[in-house]
Amino acid sequence: MFDSRDPVLIFVALFVAVVIGHGAMIGTQPAFFTELFAGRVAYGGLALGHELASMIVGGFSLVVATALLAWAGASWPGALFMIGMGIVTVIAVAAAPETNPRVREKREAPEEAEVESQAV
């Protein structure tokens, strides 16, 4: 959409990215991050993790995107870079520990049942 140079398509691309992408991220991050830390350090952990990541990745992303645009002369390498960052995010979320006690109990229950059946 950016390569089309059509202002309407560029506006639609930015609108969708901000409204859907950014809104989904900002809406879920506080709850997700606070569950990752103990209550006494939740605010500090959330602030430190979020702001360091914003500073490091957010700051360098502009340099990387500009270099990719200068190298290729098109926006597709920047799109691939953003897809790569999305994949890193999905991996990080999948690797995060489960904090919901009901989900943890369901995951742990089959293992306990197997141990009990083997003991009998």
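Two residues are in contact when heavy atoms of theirs lie within 4.5 Å. Among the contacts of this chain with a separation of 6 or more, 29% join residues 24 or more positions apart. The model you are looking at is predicted, so to speak of local features a pLDDT of at least 70 is needed, and side-chain atom pairs count only at pLDDT 80 or more, while totals for chains, interfaces and linings use all residues. Residues are numbered from 1 along each chain as its sequence is written, and side-chain values use heavy atoms, with hydrogens and water left out.

**The whole chain**

- The chain has four helices and zero strands, where helices (H or I, at least four residues) and strands (E, at least two) are DSSP runs, numbered from the N terminus.
- Read from the N terminus on, the elements follow the order α-α-α-α.
- Of the 120 residues in the chain, 8% count as buried; buried means under 20% relative accessible area, exposed means over 50%, and partly exposed is in between (1.4 Å probe, protein chains only).
- The accessible surface of the chain comes to about 9,500 Å², and 72% of that surface belongs to carbon and sulfur atoms.
- Accessible areas come from the Shrake-Rupley method with a 1.4 Å probe, and for residues only the protein chains shown count as cover.

**Before helix 1**

- Start with M1, which sits in the segment before helix 1.
- M1 is exposed, because its relative accessible area is 52%.
- Leaving out residues up to four places away in sequence, M1 touches L9, I10, V12 and A13.
- The C-alpha atoms of M1 and F11 are separated by 9.1 Å, and these two residues are ten residues apart along the chain.
- R5 also has its place in the segment before helix 1.
- R5 counts as exposed because its relative accessibility is 71%.
- The phi of R5 is near 65 degrees, a positive value in a residue other than glycine.

- M1, V8, L9, F11, V12, F15, V16, V18, V19 and I20 make a nonpolar surface patch of about 930 Å².
- Patches are made of residues with over 30% relative accessible area and no salt bridge; like charges are joined within 9 Å, and nonpolar side chains (Val, Leu, Ile, Met, Phe, Trp, Tyr) within 5 Å.
- One of the patch residues is V8, which lies in helix 1 (residues 7-35).
- V8 counts as exposed because its relative accessibility is 55%.

- The side chains of Q29 and H50 are joined by a polar contact of 3.2 Å.
- A polar contact is a pair of N or O atoms within 3.5 Å; within protein, one must be able to donate a hydrogen and the other to accept it, and residues adjacent in sequence count only if both atoms are side-chain atoms.

- How far apart are the end C-alpha atoms of helix 2 (residues 42-72)? They are 43 Å apart, which agrees with the 45 Å that its 31 residues should span at 1.5 Å a residue.
- That expected span is 1.5 Å times one less than the number of residues in the helix.
- The buried residues of helix 2 are A42, G45 and S61, and what covers them includes helix 1 and helix 3 (76-95).
- G45 counts as buried because its relative accessibility is 14%.
- The C-alpha atoms of G45 and T34 are separated by 7.9 Å, although the two are eleven residues apart along the chain.
- S61 counts as buried because its relative accessibility is 16%.
- A polar atom of the S61 side chain lies 2.6 Å from the backbone oxygen of V57.

**L68 and what follows helix 2**

- L68 belongs to helix 2 and is partly exposed, because its relative accessible area is 22%.
- Not counting residues up to four places away in sequence, L68 touches G73, A74, P77, G78 and F81.
- L68 and A79 are eleven residues apart along the chain, and their C-alpha atoms are separated by 9.8 Å.
- G73 follows helix 2 and has a positive phi, near 75 degrees.

Key. Salt bridge = Lys/Arg side-chain N within 4 Å of Asp/Glu carboxyl O.
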